[in-house]
Amino acid sequence: MESTRQRLIKILESNRDSYLSGQELSNQLNVSRTAVWKHMKELGKDGYEIEAAPRKGYRIVAYPDKVTKNTLQWGLNTSRVGRDIFHYEQVSSTQDIAHQLAKEGYGHGTVVVADEQVKGKGRMSRAWHSKRNEGIWFSLLLKPELPPVQAPQITLLAAVVLAEAISSISDLSPQIKWPNDILINHKKIAGILTEMQAEQDQIQYIVLGIGINVNQDQSSLPEDIRHKATSLRQESGKTWEINWLIQLILETFENTYEQFIQEGFLPVKNKWEKYGYRLGQEVTISTMRKAWQATLVGIEADGALLTRTEEGIQEKLYSAEIHWGEGGYNANP
Ligand code: BTN
């Protein structure tokens, strides 16, 4: 559910060239004119420039893209996710800070977000380019009461959350490349890094790192990954408000996570498969010893990728090199 503030920003944004009266806004938002005025004042404090012209109404002139603990928490419609938020202008990696906070006893849903990471971490010890204000770089501390074998489900869930969030705000068609890269038009737009501390039968905590390329243009993505990475701006042709996107992701995460805790993995699996990249298609798979063709069927509850050979033999894959074909590169941005 979008907050009144988010709806107000949306309405103002879609009427950039015209004025909207306080009355019109109050009707559209179903709140009083005083409430509209208060929201305008808060937006002003957060760096939005709103022109208020007598007898004409309001018009948005400039947006902040200043992420702070306050702008993130203001209007955030969640109960546990984001109750504690730590925002930094520059960090080494938000993952490291989240681990530290977990050790200090911070609870489920704590968020660590940075404008810039100088040592952003990707999967398989790769670097993750996280330049200032160009994307979303955050880590979410989770404390699920689950055994460690179920941890991959949470990573798959996070991929679903990103795909759902992007679909809900754009005409873009995100896809999830197993296990959890988010692609648009075959290029990677977001990645997820899950790190876990666990005892034998109980997860102590998970640090779920999410990186999304948002406002980069082609030239600000490093040259070596330009052919395989993209950003929301490149795909949609417009710039995005980072605060608002983070709120949307946190809200979508909380709802999807609650459904997962109550109903189990099936709804996540079904959604994942709706977005699954190359599902139903044949790809080449290789290990050190052999290469073979198989059709991608879906995912399993343990996070494995289910495949089927021409002979009809089903096999679960945990790690193997998949040759994704056109544009679906293996490497991470
Ligand atoms: C991948 O390789 O696809 C995973 C990328 C994860 C990047 C995010 S950005 C926020 C968090 N902090 C990090 O250092 N990495 C994750």
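A polar contact is taken here as a pair of N or O atoms within 3.5 Å; within protein, one of the two must be able to donate a hydrogen and the other to accept it, and residues adjacent in sequence count only if both atoms are side-chain atoms. The model is predicted, with local features needing pLDDT of at least 70 and side-chain atom pairs counting only at pLDDT 80 or more, whereas totals for chains, interfaces and linings use all residues. Residues are numbered from 1 along each chain as its sequence is written, and side-chain values use heavy atoms, with hydrogens and water left out.

**The ligand and its contacts**

The ligand is surrounded by 21 residues, a residue being near a molecule if one of its heavy atoms lies within 4 Å of it. The closest are Ser93, Gln117, Lys121, Arg123 and Lys188, and polar distances for three of these residues are set out below.

| Residue and its atom | Ligand atom | Distance |
|---|---|---|
| Ser93, polar side-chain atom | oxygen | 2.7 Å |
| Gln117, side-chain N or O atom | nitrogen | 2.8 Å |
| Arg123, backbone N or O atom | oxygen | 2.6 Å |

On its own the ligand has 420 Å² of accessible area, and the protein covers 100% of that, with areas taken from the Shrake-Rupley method with a 1.4 Å probe. The ligand sits in the largest cavity, where a cavity is a set of points, on a 1 Å grid over the protein atoms alone, at which a 1.4 Å probe fits but cannot get out, and sitting there requires more than half of the ligand's atoms to lie within 2 Å of the grid points.

**The shell around the ligand**

Helix H5 (94-103) and strands S5 (135-142), S8 (187-198) and S9 (203-213) each supply at least two residues of the shell, and S8 gives the most, with 4 residues; helices (H or I, at least four residues) and strands (E, at least two) are DSSP runs numbered from the N terminus. By class, the shell has 6 nonpolar, 11 polar and 4 charged residues, with Gly counted among the polar ones.

**Domains and backbone**

An automatic or database assignment sets the domain bounds, giving domain 1 (4-62), domain 2 (69-275) and domain 3 (282-331). The centres of domain 1 and domain 3, taken over C-alpha atoms, are 51 Å apart.

Most residues other than glycine have a negative phi, and most peptide bonds are trans. Met124, which is not a glycine, has a positive phi of about 50 degrees and is placed in the loop between strand S4 (111-117) and S5. The peptide bond from Trp178 to Pro179 is cis, with omega near 0 degrees, and Pro179 belongs to the loop between strand S6 (175-177) and strand S7 (181-184).

Technical notes
1 Å grid on protein atoms, 1.4 Å probe; cavity = no way out; pocket = protein on both sides within 12 Å on 5 of 7 lines; lining within 4 Å.
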